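Below are some notes on the model you sent, arranged as numbered points. Please read them with the structure open beside you.

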Amino acid sequence: MFSNLTRGLLLAVSFAVPAFAHDYKIGDLSVAHPAIPQPMTRAMTAGGFFAVTNAGTEADRLIGVEVDFAERAEVHITEHGSDGSAKMVHVEAIDLPAGETVAFERGGYHVMFMGLKSGLEAGSRLPGVLIFDKAGRLEVEFAVEAVKKPAGEAKEKGAHAHH
């Protein structure tokens with residue numbers, strides 16, 4: 001059998017594990033890793049990204065997002081023009097076909113958080129609610145992640161960019 005100390009550690013670990021998990025489930029829907037790349041310090045907007053897998057036999061739809069850290073949260077899609085331009089367009093709902101995964105990522109579907117109420121710190125978790133047409137309301141936490149600069153973009157201290 002386990003000693004009291006070992007039992008206590010096992011118990012502590014079993015409660016700690018869900019804190020590290022960053023996937024959520026409601027009905028047949030699974031939401032993987034809701035995240036926000038950390039915006040610039042005074043930014044008023046930020047993007048939210050995740051993936052939704054519908055393991056069921058019926059389609060569902062994402063019909064809304066609610067958060068307290070921004071004045072508004074809207075589901076958008078990035079539309080790419082034939083001239084290479086891109087614009088974000090608000091959509092009322094995103095279809096989640098049965099048996100498929102829909103990715104919310106840069107250049108496609110994403111959530112726009114507008115009117116940020118304060119700066120978003122890397123490492124923090126911000127509560128929100130994803131609202132699905134059939135599955136209902138799912139409480140999630142958006143992980144604010146530090147943005148890594150691609151190699152070659154780091155500049156030496158005091159260096160100036162030339163355009």
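**Notes on the predicted model**

1. In the hairpin of S1 and S2, where two residues lie between the strands, Gly27 adopts a positive phi near 55°. Strands here, like helices, are DSSP runs numbered from the N terminus (E, at least two residues, for strands; H or I, at least four, for helices), and two strands pair if DSSP finds at least two bridges between them. Strand S1 (residues 23-26) runs antiparallel to S2 and is joined to S2 by four bridges, with Tyr24 standing opposite Val31 in S2.

2. On provenance and numbering, this is a predicted model, in which local features need pLDDT of at least 70 and side-chain atom pairs count only at pLDDT 80 or more, while totals for chains, interfaces and linings use all residues. Residues are numbered from 1 along each chain as its sequence is written, and side-chain values use heavy atoms, with hydrogens and water left out.

3. For the overall layout, the protein chain has one helix and 11 strands, and the order from the N terminus is α-β-β-β-β-β-β-β-β-β-β-β. Of the 163 residues in the chain, 33% are buried, where buried means under 20% relative accessible area, exposed over 50% and partly exposed in between (1.4 Å probe, protein chains only). Among contacts (heavy atoms within 4.5 Å) between residues at least 6 apart in sequence, 66% join residues at least 24 apart.

4. Five bridges join S2 to S3 in the antiparallel sense, and Ala32 stands opposite Ala51 in S3. The pairing of S2 with S11, by contrast, is parallel and extends over three bridges, with Pro37 opposite Glu145 in S11. 

5. Which residue has a positive phi of about 45° although it is not a glycine? The residue is His33, which lies in strand S2 (residues 29-37) and, with a relative accessible area of 36%, is partly exposed. As background, most residues other than glycine have a negative phi.

6. The structure holds five aromatic pairs, a pair being rings of Phe, Tyr or Trp (its six-membered ring) with centres within 6.5 Å, called stacked if the planes are under 30 degrees apart, edge-to-face if over 60 and tilted for the rest. The rings of Phe50 and Phe142 have centres 6.3 Å apart and planes at 65°, so this pair is edge-to-face. The pair links distant parts of the chain, since Phe50 belongs to strand S3 (residues 45-54) and Phe142 to strand S11 (residues 136-145), 92 residues apart. Phe50 is buried at a relative accessible area of 5%, and Phe142 is buried at 0%.

7. Phe142 also pairs with Phe113: their ring centres are 5.2 Å apart and their planes stand at 80°, so this pair too is edge-to-face. Because Phe113 lies in strand S9 (residues 109-116) and Phe142 in strand S11, the pair ties together parts that are 29 residues apart in sequence. Both Phe113 and Phe142 are buried, and they belong to one aromatic cluster that is formed by Phe50, Phe69, Phe104, Tyr109, Phe113 and Phe142.

8. The largest pocket has a volume of about 210 Å³. A pocket is an open set of points on a 1 Å grid over the protein atoms alone, where a 1.4 Å probe fits, with protein on both sides within 12 Å along at least five of seven lines, and lining residues have an atom within 4 Å of a point; the volume is the space filled by probe spheres set on the points, which are joined across faces, edges and corners. Residues in the lining include Pro37, Thr45, Phe49, Arg106 and His110. S3 and S9 are the elements that give two or more residues, and S3 provides the largest share, four residues. The lining divides into six nonpolar, five polar and one charged, with Ala, Val, Leu, Ile, Met, Phe, Trp, Tyr, Cys and Pro counted as nonpolar, Asp, Glu, Lys and Arg as charged, and the others, Gly among them, as polar.

9. Two further residues may be checked by eye. Arg72, in strand S5 (residues 70-80), is partly exposed at 44% relative accessibility, and, leaving aside its neighbours within four places in sequence, Arg72 is in contact with Met112, Phe113 and Met114.
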